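My entries follow the order in which I looked.

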Amino acid sequence: MLTSEMKKAIVLDFYEHVVNRRDFAGASKHLGATYIQHRADAEDGSGGLQRFIDRMRGQFPGSHCEVLRTFCDGDFVILHAHVRLEPGARGSKHVDIFRMDRDKVVEHWDVDQPIPEHFVNPNGPF
């Protein structure tokens, strides 16, 4: 049985290969037989993930994501991250939710909020 720390490590490695390295081969080792995608601009399945990675590599070659927090609840791993599509941009606050089946990633949801220039509180985006 996988521990929460093992699940987090799998998802973090998957995420690193998808978002920062844009490396489908590295990411695909973590994919289950089924991959359900809830992101509006990405298709289901391994082919959908590969096309998403290829599109991101072409459109945003300098993009980078820094994971700030990782949570695990049962079969779900949640990442709180700072995403920058271009170097030096303010970027966005991002939450990704992954569902796992044993040691494989089988489903994904995400929520994204652009970081505004000014805050009405002193807390900042993170």
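The entries below go from the sheet to the helix, the pocket and the charged pairs.

**Entry 1, ground rules.** I am reading a predicted model, in which local features need pLDDT of at least 70 and side-chain atom pairs count only at pLDDT 80 or more, while totals for chains, interfaces and linings use all residues. Residues are numbered from 1 along each chain as its sequence is written, and side-chain values use heavy atoms, with hydrogens and water left out.

**Entry 2, the sheet.** I took helices (H or I, at least four residues) and strands (E, at least two) as DSSP runs numbered from the N terminus, and I counted two strands as paired if DSSP finds at least two bridges between them. On that basis I find an open sheet of 5 strands with mixed pairing, in the order β1-β5-β4-β3-β2. Its edges are β1 (31-37) and β2 (64-73), each of which pairs on one side only. Neighbouring strands are turned against each other by 25° on average, direction ignored; for such angles, axes are lines fitted to C-alpha atoms, for helices over the stretch in contact, and the angles run from 0 to 180 degrees between N-to-C directions.

Strands β2 and β3 run antiparallel with 9 bridges between them, and Cys72 stands opposite Val77 in β3. This pair also forms a hairpin with 2 residues between the strands, where Gly74 in the turn has a positive phi of about 65°.

Helix α1 (residues 4-20) lies across β1, β2, β3 (76-84), β4 and β5, and I read its direction as about 155° to β2; contact here means heavy atoms within 4.5 Å.

I used a 1 Å grid over the protein atoms alone, on which a pocket is an open set of points where a 1.4 Å probe fits, with protein on both sides within 12 Å along at least five of seven lines, and lining residues have an atom within 4 Å of a point. The largest pocket has a volume of about 460 Å³, the volume being the space filled by probe spheres set on the points, which are joined across faces, edges and corners. Of its 26 lining residues, Arg39, Phe52, Met56, Val83 and His94 are the closest to the centre. Two or more residues each come from α1, β1, α3 (45-59), β3, β4 and β5. The lining divides into 13 nonpolar, 7 polar and 6 charged residues.

I find 10 salt bridges in the structure, each a side-chain nitrogen of Lys or Arg within 4 Å of a carboxyl oxygen of Asp or Glu. One of them joins Lys8 to Glu5, with the closest N and O atoms 3.2 Å apart; the two are 3 residues apart in helix α1, so about one helical turn separates them.

Methods:
Nonpolar A, V, L, I, M, F, W, Y, C, P; charged D, E, K, R; others polar.
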